[in-house]
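Below are some notes for a colleague who has not looked at this structure before. They are meant to be read with the sequence and the model side by side.

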Amino acid sequence: QVQLVESGGGLVQAGDSLRLSCAASGRTFSPSAMGWFRQAPGKAREFVAAITWSGGITYYGDSVKGRFTISRDNTKNTLYLQMNGLKPEDTAVYHCGARDGVALTSFLLNSYGYNYWGQGTQVTVSS
């Protein structure tokens, strides 16, 4: 069983930066890809970014391109999300997910493509 634990959220002002982490554990953790999604109150879960675990190919949602950077440390089984230039509309609970199967783009951009999820970390950006 894979467990994902997010950390690094908090309350910041518009324009500030935060770095989220997602630590993965499990007897045999070997995902094909991992990603970040976010969910604001009353809204659907939104794709933020994804990365293939071996090749490091990255994907970003349109609303975060140029501001957020996804990365991973394979040796530590940890996923990161560097968030710069935060805006009030970035306020949400951020969840990390891990995928076991083939890392097809269509799966990586949608929440149904992920097998495991963390509980989430709250990010609140004040104006």
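1. The disulfide. The model is a predicted one, and its count of disulfides comes to 1. Cys-22 and Cys-96 are the partners, with their sulfur atoms 2.0 Å apart. A disulfide is a covalent bond between the sulfur atoms of two cysteines. Here Cys-22 belongs to strand 3 and Cys-96 to strand 9, so the bond ties together parts of the chain that are 74 residues apart in sequence. The torsion about the S-S bond is about 50°, so this disulfide is right-handed. Both cysteines, Cys-22 and Cys-96, are buried.

2. Strand 1 has a covered face made of Leu-4 and Glu-6, while Gln-3, Val-5 and Ser-7 make up the uncovered one.

3. The nonpolar cores. Which residues have the most contacts inside the largest nonpolar core? They are Leu-4, Trp-36, Leu-79, Leu-81, Met-83 and Tyr-94, in a core of 29 residues. At least two residues of this core come from each of strand 3, strand 4, strand 5 (46-52), strand 7 (68-73), strand 8 (78-83), strand 9 (92-99) and strand 11 (121-126). Another core lies apart from it and has 7 residues, among them Phe-47, Ala-50, Tyr-59 and Leu-108.

4. Tyr-94 in more detail. With residues up to four places away in sequence not counted, Tyr-94 touches a list of residues that includes Trp-36, Leu-81 and Met-83. Other contacts of Tyr-94 include Glu-6, Leu-20, Phe-37, Arg-38, Val-48 and Phe-68. Gly-120, Thr-121 and Val-123 are touched by Tyr-94 as well.

5. Salt bridges around Arg-38. The whole structure holds 4 salt bridges. One joins the side chains of Arg-38 and Glu-46, at 2.9 Å from N to O. Arg-38 counts as buried because its relative accessibility is 5%, whereas Glu-46, at 32%, is partly exposed. Arg-38 also forms a salt bridge with Asp-90, where the closest N and O atoms are 2.8 Å apart. That pair links distant parts of the chain: Arg-38 is in strand 4 and Asp-90 in the loop between strand 8 and strand 9, 52 residues apart. Both Asp-90 and Arg-38 are buried. Through shared partners, salt bridges join Arg-38, Glu-46, Arg-67 and Asp-90 into one network.

6. A salt bridge between exposed residues. Asp-62 and Lys-65 form a salt bridge, with 3.2 Å between the closest N and O atoms. Are these two residues buried or exposed? Asp-62 and Lys-65 are both exposed.

7. Arg-99. This residue is in strand 9. Its relative accessible area is 9%, so Arg-99 counts as buried. The side chain of Arg-99 reaches the backbone oxygen of Val-102 at 2.7 Å. Leaving aside neighbours within four places in sequence, Arg-99 is in contact with Pro-31, Ser-32, Ala-33, Phe-107, Leu-108, Gly-113, Tyr-114 and Asn-115. Of these, Leu-108 is also one of the residues of the 7-residue core. Between the C-alpha atoms of Arg-99 and Trp-117 there are 9.3 Å in space and 18 residues in sequence.

8. Ser-32. Where does Ser-32 lie? It is in the loop between strand 3 (18-25) and strand 4 (33-39). Why does Ser-32 count as buried? The cut-off for buried is under 20%, and Ser-32 has a relative accessibility of 19%. The side chain of Ser-32 reaches the backbone oxygen of Gly-101 at 2.4 Å. With neighbours within four places in sequence left aside, the contacts of Ser-32 are Thr-52, Trp-53, Arg-99, Asp-100, Gly-101, Val-102 and Ala-103.

9. Asn-77. This residue is found in the loop between strand 7 and strand 8. Asn-77 is not a glycine, yet it has a positive phi of about 50°. Its relative accessibility is 22%, so Asn-77 counts as partly exposed.

Conventions: Residues numbered from 1 in each chain as written. Predicted model: local features only at pLDDT ≥ 70, side-chain atom pairs only at ≥ 80, totals over all residues. Heavy atoms only, no water. Helix = DSSP H or I, 4+ residues; strand = E, 2+ residues; numbered from the N terminus. Buried < 20%, exposed > 50% of the residue type's maximum accessible area, 1.4 Å probe, protein only. Polar contact = N/O pair within 3.5 Å; in protein donor to acceptor, adjacent residues only side chain to side chain. Contact = heavy atoms within 4.5 Å. Core = buried A, V, L, I, M, F, W, Y, C linked by side-chain atoms within 4.5 Å. Disulfide = S-S within 2.5 Å.
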